[in-house]
Amino acid sequence: MGKKKLDVMAKEREIFIHGQVDEEGKIIVPGCVRNGIDETSANKIFDEMAEFAKYAFNKSHAACYAVIAYRTAYLKAYYPAEFMAATLNSFLGNLDKIPQYIDECKALGIEILKPGINKSDTKFTPELEEQKTETEMILSSSSTKSKIRFGLGSIKNVGIMPVNSIVKERKEKGPYKSFTDFCERIAGEAVNKKCIESLIKAGAFDEFEQTRSTLLASFEGIIDVIQTSKKKGLDGQVSMFDLGSDEEKEEMNEIKYQFNEQEEMSNKELLSIEKEMLGIYLSGHPLEKLRNQIMEQTTINSMDLRAIEEQMSSNLEDLEMVATRQSAKSKYKDGQSVKYAGIITSIKKKYTKNNKIMAFVTVEDLYGTVEVIVFENAYVNAGRSLVEENIVKVEGRLSIREDDATTIIANEIKDFGEPRQRIFTLDITDVKEEQKEKLRGALRYFNGDKNNMNVQIKIGEETKPCGQIYLTDQIVKIFEDILEKERVYLSSDERDVP
């Protein structure tokens, strides 16, 4: 009953009413009728048990929940930043829950601050702008403006041990004065290049003067210089940089460490690497500017799908979601037509037993992610829209299964609110056959599940679509080496997009 397995319940009903016997006719379960209870009454009793099993606790369990509900409500009302920081820390690594609670923070007026090398601790921590007593908070018409700082330990590829070393060094010897000061002070600790790269991508060094692009292009060389200097120090060698006052040393360090100055990445690229490192869009969201349009043109979002799943589950973990589950149950049904919009974060292509292509596409909206199943017809018709980081509108039907995640079966996928797409154009007019062969090899090599760019071939004045590839600045240079630089460029798709 608790699992709501209707086929099993139907069998158990028969056993409950009429009992059960083995192959030899021996009674295993007497049943109600054998015990003198008429069939009508037995059915009524079973129905009442089934209804009660939908959501029932014994009194002691209910009393405990009441106490917990009161305490958590009190903390959320009077200590919202502390409460939400603890809640976020309890869901570290759960990328479905974190966006939901980040959105709750925004609703409470709590700002989530990006990680900072001199401000973040290992976990999420509250930062209060103004301290008030409990009585002042009760009497005040406006709540204390509070913020939560993103924890360094939550950044991808960083790890708890390196973060603990970074925070300990900062607390014992003061804030890091610059990026090079940080690198010098953590040299020899459990902080490797991968860790530093992730911190840069997450924006942990944004308080210093260099751009993220500059730091990404320079950090390995700077670390190598420091490691070489440390080695010389162990050998007893002294360089000119070790002499002089602190001010002179700082001036000489500017000469010692060479930064490869780069223009900052576009806002889209910054958001993309931020999402990669933090699991969420923090400083902004690619869909934020489309929030109203999405609400007008869609009928469901990821929060609605999570509510459906939780309603289907017998493990009712969060009392606060009960009302949401009840509304989700009545609003959405298996096979119902829906409209959904979001940004594509991953595409996994598969082939069926009949050798037909299909894909499992993860689409993220402002609240979380949804899996969209795309069969051959929808896949072929979607064409250029099925690339990572593209914003799409999905029209399809709900697939609600008791033991599986709720998904959307796509009927149609098309671009959402984007008049044009960028296309990687390769001009092969009059190029040699040897170059064409290398080009075909490169296109095959960089085609896979993480395609993020449409490709077209230009021959004279004619252009032809040529599939999709995964494209980065480094990959662009590979194509420039095969062709000439002026033959490789990004252009806009001139199609009319709905």
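In which sense do strand β8 and strand β10 pair, and over how many bridges? I looked this up before anything else. The model is a predicted one. Strand β8, residues 369-374, and strand β10, residues 407-415, pair in the parallel sense, and two bridges join them.

**Barrel.** I then followed the sheet around. Five strands close into a barrel, and their order is β6-β7-β8-β10-β9. The pairing in this barrel is mixed. On average, neighbouring strands of the sheet are turned by 55° against each other, with direction ignored.

I asked which strands helix α15 lies across. Helix α15 covers residues 302-312 and lies across β6 (337-351), β8, β9 (391-399) and β10. I noted its angle to β8 as about 85°.

**Aromatic pairs.** I looked up the aromatic pairs and found eleven in the structure. One of them is formed by Tyr74 and Tyr78, with 4.8 Å centre to centre and 65° between the planes, and it is edge-to-face. Both tyrosines lie in helix α4, residues 59-78. They are four residues apart there, about one turn of the helix. I also checked accessibility for the two.

I next took the pair of Phe424 and Phe479. Their ring centres are 5.4 Å apart and their planes stand at 75°, so this pair is edge-to-face. Phe424 belongs to strand β11 (residues 422-427) and Phe479 to helix α19 (residues 473-482), so the pair ties together parts that are 55 residues apart in sequence. Are these two phenylalanines, Phe424 and Phe479, buried or exposed? I found Phe424 buried, and Phe479 is buried as well.

I recorded one aromatic cluster by its members: Tyr176, Phe179, Phe182, Phe205 and Phe208.

**A lysine and a ring.** I looked at Lys275 and found that it lies over the face of Tyr281. The distance from the ring centre is 5.9 Å.

**Cysteines.** How many disulfides does the structure hold? I counted zero. I checked two cysteines for accessibility. Cys32 has a relative accessible area of 8%, which is under 20%, so it counts as buried. Cys466 has a relative accessible area of 31% and is partly exposed.

Note on methods:
Residues numbered from 1 in each chain as written. Predicted model: local features only at pLDDT ≥ 70, side-chain atom pairs only at ≥ 80, totals over all residues. Heavy atoms only, no water. Pairing = 2+ DSSP bridges. Axes fitted to C-alpha atoms, helices over the stretch in contact; angles between N-to-C directions. Contact = heavy atoms within 4.5 Å. Phe/Tyr/Trp six-rings, centres within 6.5 Å; stacked < 30°, edge-to-face > 60°. Buried < 20%, exposed > 50% of the residue type's maximum accessible area, 1.4 Å probe, protein only. Lys NZ or Arg CZ within 6 Å of the ring centre and 35° of its normal. Disulfide = S-S within 2.5 Å.
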